[in-house]
Structure formats: structure tokens, C-alpha cells
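Q: Please take a close look at one part of this model, a pair of neighbouring strands. Then place that part in the whole chain.

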Amino acid sequence: MSEFQKVAKLDDVHDGQITLAKIGKEQIALYRLGNEVLATTNICTHEYCELDQNHNIEGEEVECTCHGSKFKIRTGENTSPPAAEPLPIFKTKVENGEVFVEI
């Protein structure tokens, strides 16, 4: 059964950056787009690079700078090879200044 778990304070998640959160063995990349927080896996689906260490964010798209794959942050959709698989995404919510991710 999935449930929301607290992963960060909203003030610690900034536009244009990735904030790394961990739930068990799952590495989660948090992105802030204005007042909204979105989440994907932190591991690129191409060569398993860690996005929090190797990224460029432009608007609502993240590029894994290891090999140039790009993904839509909202949907995980792959928009530029070499990655062929989308990034898994997670539901998020913000309550009382805290960020929660559904796992």
C-alpha cells in the first residue's frame, strides 16, 4: 500500500535546482516550479547517473548532463535520447511548509 512520507521542508527546495530525498533505498529528485514541488526518480534511465549531481534544468525539463538525455519533469517523458525510457515520477503534496512524496 502506498502512502505519503515527509521528505523535505519546502524552504529547502529551490527553483532551478534538484533537492535529493531518500525513502528507504529510493532516491528521489525534488524540483520546485513556483509554488509547486514535483518528484522523479533521481536515477537517469539511460546510464544510471544521479540527476542531483549531473543536471541542467530549463523550464519544466531536466537534462542529465552525463549523456544529454532530457525528460519532462511533470510526466517523466523522455524528450531527447540517448535514454529511451521515461523517468518514474511520484505524487507530491505540500502541507504546512513540508513536502510529502507518495511511495
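**A strand pair and its sheet**

A: Ile23 has Glu26 in E3 as its bridge partner. This is a predicted model. Start with the strands around that bridge. E3 covers residues 26-33. E2 covers 18-23. The two run antiparallel, and 6 bridges join them.

In general, strands of a sheet pair through backbone hydrogen bonds, in a parallel or an antiparallel way.

Now widen the view to the sheet. It is open and holds 4 strands, in the order E2-E3-E4-E9. The pairing is antiparallel.

Next, the chain as a whole. The protein chain has 11 strands and 0 helices. Its pattern along the sequence is β-β-β-β-β-β-β-β-β-β-β. The radius of gyration is 13 Å, close to the 13 Å that the globule rule gives for 103 residues, so the protein chain is as compact as a globular protein of that length. The C-alpha trace spans about 40 × 30 × 20 Å along its principal axes.

Contacts and burial come next. Take contacts between residues at least 6 apart in sequence: 40% of them join residues at least 24 apart. Of the 103 residues, 39% are buried.

Last, the surface and the charges. The protein chain exposes about 5,800 Å², and carbon and sulfur atoms supply 43% of that area. There are 10 positive and 18 negative charges, and their mean positions lie 5 Å apart.

Note on methods. Residues are numbered from 1 along each chain as its sequence is written. This is a predicted model: local features need pLDDT of at least 70, side-chain atom pairs count only at pLDDT 80 or more; totals for chains, interfaces and linings use all residues. Side-chain values use heavy atoms; hydrogens and water are left out. The radius of gyration is taken over C-alpha atoms; the globule rule is 2.2 Å times the number of residues to the power 0.38. Buried means under 20% relative accessible area, exposed over 50%, partly exposed in between (1.4 Å probe, protein chains only). Contact means heavy atoms within 4.5 Å. Accessible areas come from the Shrake-Rupley method with a 1.4 Å probe; for residues, only the protein chains shown count as cover. Lys and Arg count as positive and Asp and Glu as negative; His and the chain ends are not counted. The place of a charge is taken as NZ of Lys, CZ of Arg, CG of Asp or CD of Glu. Two strands pair if DSSP finds at least two bridges between them.
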